Amino acid sequence: MTEPPQKIARREASKAKQDEAPTDASIIVQFQSATGETTGPQLDIPHNVTPQQLETLLNGLLSNEDKLPYSFFIEEQELLGELGAHLAAGGISVEKALAITYQPQAVFRVRPVARCTASMPGHSESVLTVQFSPCGTMLASGSGDTTVRLWDLNTQLPKTECKGHKNWVLVVAWSPDAQYLASGDMNGSILLWDPRTGKQLGACSGHSKWITSLSWQPAHRPGALPSSRFASGSKDNTVKVWDAATRRCVLSMSNHSAMVTAVLWGGEGLIYSASRDCSISAWDEGDGKLVRVFKGHGHWVNTLALSSGFALRTGAFDHNGKAPAELEEARARAAERYAEATQGKPERLVSGSDDFTLCLYEPSVSKTAIARMTGHVQLINQVVFSPDGRYILSASFDKSVKLWDGARGTFLATLRGHVGPVYQVAWSADSRLFVSGSKDSTLKVWDARTRKLKVDLPGHADEVFTVDWSADGGSVASGGKDRVLKLWRH
Amino acid sequence: MPQNEHIELHQKRYGKRLDYEERKRKKQAREVHKRAAYAQKALGLKGKMFAKKRHQEKATMKKTIAMHEERDNKHKAQDGAPQNAVPAYLLEREQVDRAKVLSNTIKQKRKEKAGKWEVPLPQVRPIAEDEMFKVMKSGKRMKKSWKRMITKVTFVGQGFTRKPPKYERFIRPTGLRMTKAHVTHPELKATFCLDIIGVKKNPNGQMYSQLGVVTKGTILEVNVSELGLVTPGGKVVWGKYAQVTNNPENDGCINAVLLV
């Protein structure tokens, strides 16, 4: 039965009115920064404004000389399309003044890697670890054939082979000023190399079992440049701090009752160590005293990450790979980059464990976790903070990678695509893209904003053990069980 | 051999001879020569048995001496580290050895086109029709016998609906329908319980292939997505062929071996 004609006419009229309403309406907004303080006065802007226009407006309000890119959030949801459409979709009321939070994005943009430009054979056993130097110009790899190899990125050929270890090389670490390369092996010995010539500078022996992790002192700490100290964690339950110039063990910290799985030298004067005895310890870097113990996990703690991790690793080098030559200037620049990365707030530490959860701490403030992030159904192998500290990524053996908020620890997205356990992840320097390597021999590049797969990179013949993205964003290096190191570029 | 303890009793009561220790030592020293003389003199079966026992004793003695001497031996330093290097995060974790990247899809497609496969069981016992089918009588007077019931295991698939009972010639009993197979990977020697996607070919005839009958030697297509196999081109492999190795109607389960 059809409706009476008057009812039809009334319905059409009200629909026409509804369709018209949003186009010429306007809304009152208030910009606020990520920390919550308001910027500029309340503004009356039309509904059909786009994020680009908001960006221009904000740059004007902040009187920026160069136009900096920003991303906008309304109540945690990122604004992607027109303001009016976003509000209608989210069901947000337009009655009161809308608070729009803005976050600065990296000024430079990294292009997604799409092809394998070089497969560099050379190692005679699986490649266990790969690391770009902080300036992004050199590449070092450690392998099961007991050698450390340095690769030339311009010609994409091997440069030098550093022999000296007697067992598998498990960890490789660059000093923040790229003067030293430290490598730890399965016998517990640490060797120091000069990256430009490939000569061995010295050996640090003291650990009785294999080295699981190495971490250099950050460049902005007083007395840190030229690089001198680094910390090593080992299966013999101790964390040792070494001096690179004299190759002597300066401090030895042994509070753990099981193997130390990860060591991180923080930027606030604390050294963090995670262990298989389910606890994380914070040590003072000056005298090695135990400052705090974080108990929160129910099983082995596998991995640690700091929110200022990228700034600590790259030191005084910027995204073009340049650093000031003078020591004092370099230290000041490193301190500047560190301050930018932390933005005045205390450092945050996240840990991933075999009990399928992550814990987020503010170690210099309190020993209870800010958040416990659950969701994975298998053990977590690696956690990484994005370079701007906004996101946390966790790679797990349940074939998924999960994205979490870096400040509060809330869950954002799950990224599925791999068909085997995901071993390692690496962020690009502008925090927009990240790459994951897995046991199923593929690497996948994902977009952090859309949370979707961007590029699929097959090519390895066997498991991919390690991935790293260079600090200048130009290339990704990956190595694995098939003994070939692959370089991927745009 | 003393029958009682009178020797010990005498020794307890009156003590041992003064030169007891010395005599004992000398007697034991002479034992060696006595044994050697006996070994040379003994003939026949006794001689053979003694020689065999003596040979065994000599061999074990040589081994123990060599073992003791190991302590003083110098060994060449172990060159190179043990095989199968794993990164630090995989140490002390039991890892199941999974199948590596396998044959190309192109190669597989070419093999399929040629219709030639190298299979583990090239020949199977032919199954006669009267073994495969059981005659089912139908009709008001139970005189019509055009219906057949399949007495072997069948696979029917998800969307299977029977033909109207009045017209169906082949009856596949639900008790003999199976959806999963225990598939063994021939190199890893690991067995997985995988879903069957379809029956590719039954060696007894193409009629049986069409009906979905699973007997020994049948080629099935199984869902291997849980193995996490990836081709060199990066595509995920989710179906592979497997050949049945047992008689499923006797065992109640389908055992197959994966064709890699």
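**A walk through chains A and B**

Let's start with chain B, which has 7 helices and 10 strands (DSSP runs numbered from the N terminus, with at least four residues of H or I for a helix and at least two of E for a strand). This is a predicted model, where local features need pLDDT of at least 70 and side-chain atom pairs count only at pLDDT 80 or more, while totals for chains, interfaces and linings use all residues. Residues are numbered from 1 along each chain as its sequence is written, chains are lettered from A and ligands numbered from 1 in the order in which they are written, and side-chain values use heavy atoms, with hydrogens and water left out.

Staying with chain B, 27% of its 260 residues count as buried (under 20% relative accessible area, with exposed over 50% and partly exposed in between, using a 1.4 Å probe and protein chains only). Take the contacts in chain B with a separation of 6 or more: 49% of them come from residues 24 or more positions apart. Contact here means heavy atoms within 4.5 Å.

Now over to chain A, which is assigned domain 1 (22-104) and domain 2 (115-489); such bounds come from an automatic or database domain assignment. The C-alpha centres of these two domains of chain A are 37 Å apart, and 8 residues of domain 1 touch 4 residues of domain 2, counted as contacts.

Residues 120-155 of chain A are 0% helix and 53% strand, with end C-alpha atoms 11 Å apart. For residues 415-456 of chain A, the figures are 0% helix, 57% strand and 13 Å between the end C-alpha atoms.

Two aspartates are worth a look. Asp177(A) sits in the loop between strand E11 (169-174) and strand E12 (181-185) of chain A. Asp177(A) is buried but has no salt bridge, and the nearest side chain of opposite charge, Arg196(A), is 7.4 Å away. A salt bridge needs a side-chain nitrogen of Lys or Arg within 4 Å of a carboxyl oxygen of Asp or Glu; for charge, Lys and Arg count as positive, Asp and Glu as negative, and His and the chain ends are not counted.

Asp185(A) lies in strand E12 of chain A. Asp185(A) is also buried without a salt bridge, with Lys166(A) the nearest oppositely charged side chain at 7.9 Å.
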